[in-house]
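The following exercises are to be worked through with the coordinates at hand. Each task is followed by a solution in steps.

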Amino acid sequence: MSSLLMEASNILAAEAPGSTVPQPHSGAPGELVGKVDIVLGIVAWAGTTAGVLGVLVTGAMMAVSLKRGESSEHMSRLGMVLGGCVLVSTAGPLVAFVFS
């Protein structure tokens, strides 16, 4: 992806003689990168744990409702829990892509 951006900036710079295209550098301090990685790791584990607990609780509620003969909208709850799991699992790679 970065080679594509470099090629685009070279083309833009070639078309405008005398002008320069700024080239930002990714220079985050190493200490900050390490701390952010630790925080993101902890949040990812907490989100995964919450997702697993949500699926377990939803399954238990479905079992109890079935035993009682009640019907409820458990599939919508399960869909919301699984949607949250997808968000948690994709958050780390998205943040890494944006800040790399």
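Helices (H or I, at least four residues) and strands (E, at least two) are DSSP runs, numbered from the N terminus. The model is predicted: local features need pLDDT of at least 70, side-chain atom pairs count only at pLDDT 80 or more, and totals for chains, interfaces and linings use all residues. Residues are numbered from 1 along each chain as its sequence is written, and side-chain values use heavy atoms, with hydrogens and water left out.

**Exercise 1.** Determine the secondary structure content of the chain and the order of its elements.

Solution. Step one: the chain has three helices and zero strands. Step two: read from the N terminus, the order is α-α-α.

**Exercise 2.** Compare the span of helix 2 with its expected span, and list its buried residues.

Solution. Step one: the expected span of a helix is 1.5 Å times one less than its number of residues. Step two: helix 2, with 39 residues, extends 57 Å between its first and last C-alpha, close to the 57 Å expected. Step three: apply the burial classes, where buried means under 20% relative accessible area, exposed over 50%, and partly exposed in between (1.4 Å probe, protein chains only). In helix 2 the buried residues are Gly 47, Gly 51, Gly 54, Thr 58 and Ser 65. Step four: Gly 69 follows helix 2 and has a positive phi, near 85 degrees.

**Exercise 3.** Is Ser 65 buried or exposed, and with which residues beyond its sequence neighbours is Ser 65 in contact?

Solution. Step one: Ser 65 is located in helix 2 and counts as buried because its relative accessibility is 10%. Step two: contact means heavy atoms within 4.5 Å. Leaving aside neighbours within four places in sequence, Ser 65 is in contact with Glu 70 and His 74. Step three: a polar contact is a pair of N or O atoms within 3.5 Å; within protein, one must be able to donate a hydrogen and the other to accept it, and residues adjacent in sequence count only if both atoms are side-chain atoms. The side chains of Ser 65 and His 74 make such a polar contact at 3.0 Å.

**Exercise 4.** Where does Gly 84 lie, and how many residues separate Gly 84 from Gly 51 in sequence?

Solution. Step one: Gly 84 belongs to helix 3 (residues 74-99). Step two: Gly 84 counts as partly exposed because its relative accessible area is 29%. Step three: Gly 84 and Gly 51 are 33 residues apart in sequence, and their C-alpha atoms are 7.0 Å apart in space.
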